[in-house]
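This note is intended for a colleague who is meeting the structure for the first time. The points below may be read alongside the sequence and the model.

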Amino acid sequence: MTAQPEHISAHWTLEALQQLHDQPLMELLFRAASVHRQHHDPNEVQVSSLLSIKTGGCPEDCGYCPQAARYHTDIEENALMTVEQVRTAAERAKGLGSSRLCMGAAWRNVRDDDEFDQVLDLVRTVNGLDMEVCATLGMLTPNQAERLAAAGLYAYNHNLDSSEEYYREVISTRGYEDRLETIGNARKAGLTVCSGGIIGMGETVDDRLKMLLTLASLDPVPESIPINALVAVEGTPLEDQQPVDIFEMVRMIAVTRIVIPTTTVRLSAGRKDMSPEGQALCFFAGAGSIFAGDKLLTTPNPEAFADMELFGALGLKPTRAYAKGERPEPGVDPGRPGDKQRIKWSRPGHRIERNEAKRK
Ligand code: SF4
């Protein structure tokens with residue numbers, strides 16, 4: 001493995017990324033595949049599972065998300081899962097080849113309460129199964145990040161979704177700077193960072209590339225970058241968006257691969273609508289991970305046997321757990337903070353008309 005360049009963002013400008021993105025596809029693919037094999041085994045793909053440990057009822061207004069309480073979608077809400085429920089789900093995922101479990105809770109931010117203590121138990125449980133444990137729980141204070149790290153969390157997911165400008169078009173209940181702050185808090189606590197975005201929300205290619213520039217400017221860069229294709233869910237403000245063209249997805253993966261060579265690019269939501277050939281192109285362009293399981297939080301995903309058939313046809317092997325980092329040993333919980341450590345997250349206000357209309 002080659003060491004990561006010190007300041008990746010110094011190599012890239014928006015113009016350079018535009019040129020990269022817009023070149024003939026075969027040139028882009030060749031370059032991306034060459035970079036990929038310098039830093040990763042091109043025949044290995046990590047299989048991860050995404051488990052919604054608390055579904056629905058979220059106070060946020062992310063325009064793509066069926067879990068926002070204000071939209072009228074028919075997802076099944078559930079309270080925070082118990083240790084036994086999560087252990088069963090994790091063992092099942094591991095049995096189907098997953099080496100990483102990402103637990104998602106539909107919260108705006110983590111609260112210092114009994115539910116968070118329960119999440120820490122969930123993290124300890126999955127860590128004990130020798131799986132990489134990732135969580136996506138919303139905004140996080142430094143103390144909460146430290147507690148998660150002490151429980152044995154390996155990675156924290158907090159997506160930037162899009163460029164800072166387009167983020168405001170899709171979400172109005174929190175700011176981009178809140179996202180970056182949480183990512184910084186996770187990083188300071190020693191967690192690895194998983195942060196990426198969604199394409200197909202109506203953004204421009206420049207918005208996608210600007211998001212990549214922001215990710216590349218983080219020092220260190222995220223170890224993991226999920227690239228999602230929007231799954232337009234009825235009842236959300238983005239329900240009428242057209243499906244993402246496979247070649248747009250391939251280009252986005254390839255550019256991500258070239259700009260941030262060391263990261264694991266995750267082929268995430270939207271895979272159910274991709275053909276096996278389309279997915280193979282994504283792997284060739286540098287995708288090094290998929291999410292397995294018939295659901296991605298609340299949206300449909302290919303079934304495990306279809307994935308294993310595809311792996312067999314392409315000669316791919318699932319990556320073992322902790323292939324790119326040490327398994328964190330659970331340590332001493334620093335405990336809940338005192339009152340004076342409470343953080344106030346921004347509330348930019350509801351400025352998106354379509355969200356307001358949906359709410360009414
Ligand atoms: S994406 Fe997360 S924060 Fe946004 S509405 Fe959905 S659950 Fe809430």
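**Notes on the predicted model**

1. Apart from residues up to four places away in sequence, cysteine 134 touches Arg100, Leu101, Cys102, Tyr154, Ala155, Asn157 and Cys194. The model under discussion is a predicted one. Cysteine 134 belongs to strand 3, which spans residues 132-136. Cysteine 134 counts as buried because it has 24 C-beta neighbours inside 10 Å, the cut-off for a buried residue being 20 or more.

2. Cysteine 194 is located in strand 5, residues 192-194. With 28 other C-beta atoms within 10 Å, cysteine 194 is buried. Its contacts, not counting residues up to four places away in sequence, are Cys134, Ala155, Tyr156, Asn157, Pro222, Ser224 and Pro226.

3. An unreviewed UniProt entry places the annotation "binding site" on Cys102, Cys134, Cys194 and Arg266. These positions are spread over 165 residues of sequence, yet they cluster in space, with a largest C-alpha distance of 13.5 Å.

4. The "binding site" annotation of the unreviewed UniProt entry also covers Cys58, Cys62 and Cys65. Which residues are around the ligand? They are Cys58, Glu60, Cys62, Cys65, Gln67, Ala68, Ala106 and Gly138. This shell divides into five nonpolar residues, two polar and one charged.

5. Cysteine 58 lies in the loop between strand 1 (44-54) and helix 3 (83-95), and cysteine 62 is in the loop between strand 1 and helix 3. Cysteine 58 has 22 other C-beta atoms within 10 Å and is therefore buried; cysteine 62, with 25 C-beta neighbours inside 10 Å, counts as buried. Leaving aside residues up to four places away in sequence, cysteine 58 touches Gln67, Ala68, Ala69, Ala106, Trp107 and Arg108. With neighbours within four places in sequence left aside, cysteine 62 is in contact with Ala68, Val170 and Ile171.

6. In helix 1 (residues 14-22), the buried residues are Leu17, Leu20 and His21. Viewed down the axis of helix 1, these buried residues fall within an arc of 95 degrees, so they line one face of the helix. Glu15, Gln19 and Asp22 are exposed on the other side of helix 1. Against which helices do the buried residues of helix 1 pack? Their partners are helix 2 (25-39), helix 8 (205-217) and helix 9 (246-259).

7. The largest nonpolar core has 98 residues, of which Leu101, Ala135, Leu148, Leu153, Tyr156, Leu191 and Ile253 touch the most other members. Helix 9 provides the largest share of this core, eight residues. In soluble globular proteins, nonpolar side chains tend to be buried together.

8. Isoleucine 253 is in contact with Ile227, Val265, Leu267, Cys282, Ala285, Gly286 and Ala287, neighbours within four places in sequence being left aside. Alanine 285 lies in helix 10, residues 276-285, and counts as buried because it has 27 C-beta neighbours inside 10 Å. Not counting residues up to four places away in sequence, alanine 285 touches Leu29, Ala32, Ala33, Val250, Ile253, Ala254 and Arg257. From C-alpha to C-alpha, alanine 285 and glycine 138 are 30 Å apart in space, and they are 147 residues apart in sequence.

Terms used
Residues numbered from 1 in each chain as written. Predicted model: local features only at pLDDT ≥ 70, side-chain atom pairs only at ≥ 80, totals over all residues. Near = placed C-beta within 6 Å. Nonpolar A, V, L, I, M, F, W, Y, C, P; charged D, E, K, R; others polar. Buried ≥ 20, exposed ≤ 12 C-beta atoms within 10 Å, placed from the backbone. Helix = DSSP H or I, 4+ residues; strand = E, 2+ residues; numbered from the N terminus. Arc of directions from axis to C-beta. Contact = placed C-beta atoms within 7 Å. Core = buried A, V, L, I, M, F, W, Y, C linked by C-beta atoms within 7 Å. UniProt positions renumbered as here; feature names shortened; annotations may be inferred.
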